[in-house]
Structure formats: structure tokens, C-alpha cells
Amino acid sequence: MDETRDSAYCDPVEPGAGGRPADGAGGPPYADCVLCGEPTEYPESTRGATLCPVCEWQEAQRGACSG
């Protein structure tokens with residue numbers, strides 16, 4: 001196989017390894033999702049409608065299928 005093609009994929013991320021801390025300690029206060037109320041990956045100072053990863057994905061699917 002082609003070396004560049006194999007290196008294009010990311011290694012799996014371990015739970016709690018990136019983004020928002022699992023216990024909520026450290027970092028800025030995170031905004032809540034405007035649709036479901038779950039915490040997002042964005043700080044509270046982010047402008048606009050903040051969505052959690054699940055709602056972001058669902059909104060992207062709705063937009064892709066509406067065209």
C-alpha cells in the first residue's frame with residue numbers, strides 16, 4: 001500500500017484524551033448545547049448557537065439531506 005495513504009488516517013483517540021476534561025475540572029467554563037443542554041467543546045464566551053458534537057452531526061445531516 002501507499003505510505004502517504006496509510007498515514008492520512010488518525011490513530012483512535014482514547015476516551016477523555018482530548019477536548020473537554022471528563023470531570024469538568026480545569027479550563028474555561030463550557031457552554032451548554034442550545035438544543036439538548038449537554039456541555040459542548042466551546043467556552044461560554046463563544047458567540048452564536050453552540051451545539052454539542054451529537055447535535056452538530058445531526059444538524060449537518062439535516063442540511064446535507066435538505067438540498
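How many disulfides does a search of the whole structure find?

## Cysteines

The search finds zero disulfides. C33 takes part in none, and the nearest cysteine sulfur, that of C55, lies 3.7 Å away. The model discussed here is a predicted one.

For C55, the closest cysteine sulfur belongs to C52, at 3.6 Å, which is too far for a bond. C33 is buried, with a relative accessible area of 5%. C55 is buried too, with a value of 7%. A disulfide is a covalent bond between the sulfur atoms of two cysteines.

## The β hairpin

Strand β1 covers residues 30-32 and strand β2 covers residues 39-43. The strands run antiparallel and are joined by two bridges. D32 has P39 in β2 as its bridge partner.

Together β1 and β2 form a hairpin, with six residues between them. In the turn, G37 has a positive phi of about 85°.

## The salt bridge

A search of the whole structure finds one salt bridge. In this bridge the side chains of R62 and E59 meet, with an N to O distance of 2.5 Å. Both residues lie in helix α2, which spans residues 53-65. R62 and E59 are three residues apart, about one turn of the helix.

How exposed are the two partners? R62 is partly exposed, with a relative accessible area of 49%. E59 is also partly exposed, with a relative accessible area of 35%.

Methods. Residues are numbered from 1 along each chain as its sequence is written. This is a predicted model: local features need pLDDT of at least 70, side-chain atom pairs count only at pLDDT 80 or more; totals for chains, interfaces and linings use all residues. Side-chain values use heavy atoms; hydrogens and water are left out. A salt bridge is a side-chain nitrogen of Lys or Arg within 4 Å of a carboxyl oxygen of Asp or Glu. Helices (H or I, at least four residues) and strands (E, at least two) are DSSP runs, numbered from the N terminus. Buried means under 20% relative accessible area, exposed over 50%, partly exposed in between (1.4 Å probe, protein chains only). Two strands pair if DSSP finds at least two bridges between them. A disulfide is a pair of cysteine sulfur atoms within 2.5 Å.
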